[in-house]
Amino acid sequence: MIIGVPKEIKNNENRIALTPAGAAELVNHGHEVYIQASGGEGSGFTNEDYIEAGAKMLPTIEEVYQIAEMIIKVKEPIEPEYKLIKKGQILYTYFHFASSEELTNAMIENGSVCLAYETVELSDRSLPLLVPMSEVAGRMSVQEGAKYLEKTYGGYGVLLGGVPGVPPAKVLIIGGGIVGTEAAKMAAGLGADVTVMDVSLKRLRYLDDIMPANVKTSMSNDYNIRDYVQSYDLIIGAVLIPGAKAPKLVTRDMLPTMRPGTVMVDVAVDQGGCFETTKATTHADPTFTIDDVIHYCVANMPGAVPRTSTIALTNATLPYALQIAAKGWKKACTDSIPLRKGLNVVDGKVVYKGVAEAFDLPYVEVGKVL
Ligand SMILES: NC(=O)c1ccc[n+]([C@@H]2O[C@H](COP(=O)([O-])OP(=O)(O)OC[C@H]3O[C@@H](n4cnc5c(N)ncnc54)[C@H](O)[C@@H]3O)[C@@H](O)[C@H]2O)c1
């Protein structure tokens with residue numbers, strides 16, 4: 001198959017959808033890979049790295065879209081890309097259709113085959129192509145939190161691990177899923193005194209089993225959260241209720257009860273946030289302060305570490321890309337239920353129920369397009 005990887009053109013997006021190692025893997029399986037020149041630069045991969053891996057470089061985005069049977073991307077196509085997409089072209093990327101009617105209509109009109117990373121789903125209902133970004137954001141939340149706890153940034157002025165003779169900082173993580181678990185590992189590794197909260201007792205039991213001794217678990221409820229926030233230095237929001245807005249667990253009235261310089265990192269900001277005072281921020285201006293409590297609410301945290309994120313993303317997406325390239329999208333999606341769940345829009349038809357419902361569009365069962 002002929003595969004094209006364009007440079008991402010969305011503002012501040014430095015990731016690329018394929019590493020040189022991923023390109024080599026596809027080439028070794030007999031496919032042709034075309035990368036847009038300088039597309040990997042933001043992630044620290046040079047044109048030469050791709051050429052050595054067996055890929056070919058194309059100077060413009062137009063040429064990449066023109067030649068490719070399958071486009072592999074990171075972010076959803078944006079307006080300048082709409083007209084480049086060809087009928088029947090496979091687009092394998094994050095789409096998040098339900099949040100954009102314009103994008104949905106554009107993909108219906110161009111007759112492409114849209115395989116969305118975010119809806120590829122395993123039999124245990126986990127989302128394997130979202131996991132790597134949650135892992136990055138979870139680990140990063142502690143790194144960012146530690147930074148903003150420094151006095152220079154307005155923080156309380158504590159070191160997460162403390163030192164001999166000085167107790168460590170206290171880190172509260174609300175939500176013990178992927179983000180929460182990775183955050184807990186990082187905070188624990190730095191020596192902090194960590195508490196993870198969740199509403200799932202099963203999850204808390206699991207975390208209690210696998211985490212080191214400086215991680216405690218606690219049931220997530222208003223009473224406990226209200227109590228804990230008064231004495232914790234760093235509070236990380238990491239909850240998810242699939243398909244719904246995040247519940248507001250740290251409310252406005254709790255802020256005056258916290259110590260000045262407390263830092264709150266709301267990783268769940270992309271689902272509306274789990275702190276009442278959350279509003280989305282960017283890497284250019286990541287924080288704001290209310291009642292002396294620092295809020296960090298960046299909606300695309302992995303964007304700050306594009307090299308790590310690019311490699312993590314390729315590790316997860318490549319096995320499916322190999323299947324699509326080897327078999328064509330129809331057979332690959334017939335053979336693989338997880339991949340079939342990734343199909344959202346095919347040849348002008350919406351085949352993912354949630355997207356059809358979001359915009360009151362006719363829904364066509366995925367079996368009918370295979
Ligand atoms: N900001 C970013 O850059 C970024 C990056 C990746 C993921 N995210 C977001 O981070 C959030 C968490 O993602 P995840 O992959 O860890 O999800 P996950 O499904 O693995 O974990 C969510 C956890 O929240 C728990 N939960 C639900 N309601 C709760 C409550 N009231 N109190 C405490 N816990 C509760 C669930 O039991 C589950 O264990 C999502 O909103 C996701 O979109 C943000």
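Visitor: In this predicted model, which handedness does the crossing of α6 and α7 have?

Guide: The handedness concerns two helices, α6 at residues 131-148 and α7 at residues 178-189. Their axes come within 7 Å of each other. The crossing of α6 and α7 is right-handed.

Visitor: At roughly what angle do the axes of α6 and α7 cross?

Guide: The residues that meet include V131, S134 and G138 in α6, and I178, V179 and E182 in α7. By class, this contact of α6 with α7 has seven nonpolar, three polar and four charged residues. The axes of α6 and α7 cross at roughly 40 degrees.

Visitor: Which helix gives the most residues to the shell around the ligand?

Guide: Both α6 and α7 take part, each supplying at least two residues of that shell. The greatest contribution, three residues, is from α6.

Visitor: How many residues of the shell around the ligand are charged?

Guide: There are 26 residues around the ligand, and those that come nearest are S134, D198, S220, D270 and M301. Of the shell residues, 17 are nonpolar and seven are polar. The number of charged residues in the shell is two.

Visitor: How far is a polar side-chain atom of S134 from an oxygen atom of the ligand?

Guide: S134 is one of the residues of α6 that meet α7. S134 is also among the residues that come nearest to the ligand. Its polar side-chain atom and an oxygen atom of the ligand are separated by 2.7 Å.

Visitor: What percentage of the accessible area of the ligand does the protein cover?

Guide: On its own, the ligand has 870 Å² of accessible area.

Visitor: Where is S38, which has a positive phi although it is not a glycine?

Guide: The phi of S38 is about 65 degrees. Strand β2 spans 32-36 and helix α2 spans 47-52. S38 is placed in the loop between β2 and α2.

Technical notes: Residues are numbered from 1 along each chain as its sequence is written. This is a predicted model: local features need pLDDT of at least 70, side-chain atom pairs count only at pLDDT 80 or more; totals for chains, interfaces and linings use all residues. Side-chain values use heavy atoms; hydrogens and water are left out. Axes are lines fitted to C-alpha atoms, for helices over the stretch in contact, and angles run from 0 to 180 degrees between N-to-C directions. Helices (H or I, at least four residues) and strands (E, at least two) are DSSP runs, numbered from the N terminus. A crossing is left-handed if the near helix is turned anticlockwise from the far one by less than a right angle, and right-handed if clockwise. Contact means heavy atoms within 4.5 Å. Ala, Val, Leu, Ile, Met, Phe, Trp, Tyr, Cys and Pro count as nonpolar, Asp, Glu, Lys and Arg as charged, and the others, Gly among them, as polar. A residue is near a molecule or strand if one of its heavy atoms lies within 4 Å of it. A polar contact is a pair of N or O atoms within 3.5 Å; within protein, one must be able to donate a hydrogen and the other to accept it, and residues adjacent in sequence count only if both atoms are side-chain atoms. Accessible areas come from the Shrake-Rupley method with a 1.4 Å probe; for residues, only the protein chains shown count as cover.
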